[in-house]
Amino acid sequence: MIGLSTRRTAAVAAVLALSAAGCSGPGTPPAAPVVTAAAAATPAPPAVPAARAGLGGRPSPSARPCTVFPADNVWHADVSRLPVHPRSAAMIGAIGGGAVHADFGSGQWEGAPIGIPVTVVPAGQRRVPVTLGYADESDPGPYPIPPHAAVEGGPDGTGDRHVIVWDRAACRAYELFDAHRSGAGWRAGSGAVFDLRSNRLRRAGWTSADAAGLSILAGLVRYDEVAAGRIDHAIRVTVPRTRTGWTWPATHSASSATDPALPQLGQRLRLKRSVDLSRLPRQARIVAEAMRRYGLIVADHGSAWFLSGAPDPRWDNDALHALGGLRGSDFEVVDAAGLMVSAGSGATG
């Protein structure tokens with residue numbers, strides 16, 4: 001689909017401009033004290049069922065537990081023993097040897113929470129119309145998105161403006177790219193609905209709210225996981241360029257480049273076993289341990305080695321910044337083809 005490979009150009013340019021100014025990107029808090037902010041927006045008006053904001057909300061005791069995809073899903077696959085891809089060195093070189101950057105944290109950057117926020121809604125959240133620019137590759141509305149749902153970058157943000165809504169009662173994720181309020185509903189560039197109890201992938205060739213056609217929620221680092229001591233899934237990562245086509249479990253390409261040294265969307269990366277993690281602060285070490293066991297999945301174009309996560313006031317930004325001690329050369333590309341059961345499924349064998 002034309003246009004998706006360049007749709008984030010402005011956001012990437014902004015990140016590079018910040019780097020040139022001596023900052024490592026929008027996820028890096030300023031040196032001065034920052035104002036703590038939760039991941040979600042203000043409470044809903046009385047006429048609309050209230051949504052529990054952020055990831056701190058809990059479903060009712062009677063609700064069935066809702067995990068983010070089944071235990072045998074590719075996002076949860078242990079890749080620590082998979083073989084190294086034969087073109088690993090070339091692909092890592094193409095991504096670059098720069099520092100890893102946690103593009104999430106506590107407080108605010110340029111007036112918005114740092115990271116991709118998630119809004120948790122209760123059972124029965126009212127569905128509203130959603131107008132989609134790439135309707136031919138999107139799941140049609142209506143979506144249960146409250147009017148106050150948190151937007152990446154804040155209400156006035158000019159970047160990707162993702163909106164992620166997690167309906168735990170129905171165990172579904174509703175994800176939008178370039179989302180804006182519009183009348184009684186929303187308008188967005190693209191939208192996808194994920195049944196979190198299913199391994200079904202999106203149709204081949206379809207995008208999602210992410211260029212790779214994958215769920216964004218599935219790859220976010222969330223504070224509740226780190227507080228529990230373990231992340232049990234791969235982490236979403238962006239890279240500057242990819243080549244045409246996609247690697248399972250991705251379903252969409254956003255590039256016309258044919259250079260075999262470039263990674264594809266969906267490529268699985270892994271932190272090398274030889275890297276010493278013992279000196280990392282606890283929060284950073286748990287993230288790094290997940291990158292070693294579950295790896296990273298190339299999900300979109302953006303700054304190299306930017307890891308995605310949800311904002312939370314309890315993040316220790318200094319601890320997360322310590323991940324910058326890891327470099328591109330500390331990673332390798334793995335061959336995950338042996339995990340695949342079916343091209344249309346995220347289940348692993």
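Which residue in strand 16 is the bridge partner of Arg 270? In this predicted model, the bridge partner is Glu 332.

Arg 270 belongs to strand 13, which covers residues 268-271. Arg 268 and Arg 270 point one way from this strand, while Leu 269 and Leu 271 point the other way. All of these residues are buried. Strand 13 pairs with strand 14, residues 296-301, and also with strand 16. The table sets out the two pairings.

| Pairing | Sense | Bridges | Bridge partners |
|---|---|---|---|
| Strand 13 and strand 14 | antiparallel | two bridges | Arg 268 and Ile 297 |
| Strand 13 and strand 16 | antiparallel | three bridges | Arg 270 and Glu 332 |

Ser 345 is found in the segment after strand 16, a strand that spans 331-333. Is Ser 345 buried or exposed? Ser 345 counts as buried because its relative accessible area is 16%, and buried means under 20%. Beyond its neighbours within four places in sequence, Ser 345 is in contact with Asn 199, Leu 201 and Trp 248. A polar atom of the Ser 345 side chain also lies 3.0 Å from the backbone nitrogen of Ala 347.

The chain as a whole can be described in a few values. Its secondary structure consists of five helices and 16 strands. The chain has 349 residues, and 56% of them are buried. Of the contacts between residues at least 6 apart in sequence, 73% join residues at least 24 apart. The accessible surface of the chain is about 14,200 Å², and carbon and sulfur atoms account for 54% of that surface.

Conventions. Residues are numbered from 1 along each chain as its sequence is written. This is a predicted model: local features need pLDDT of at least 70, side-chain atom pairs count only at pLDDT 80 or more; totals for chains, interfaces and linings use all residues. Side-chain values use heavy atoms; hydrogens and water are left out. Helices (H or I, at least four residues) and strands (E, at least two) are DSSP runs, numbered from the N terminus. Buried means under 20% relative accessible area, exposed over 50%, partly exposed in between (1.4 Å probe, protein chains only). Contact means heavy atoms within 4.5 Å. Accessible areas come from the Shrake-Rupley method with a 1.4 Å probe; for residues, only the protein chains shown count as cover. A polar contact is a pair of N or O atoms within 3.5 Å; within protein, one must be able to donate a hydrogen and the other to accept it, and residues adjacent in sequence count only if both atoms are side-chain atoms. Two strands pair if DSSP finds at least two bridges between them.
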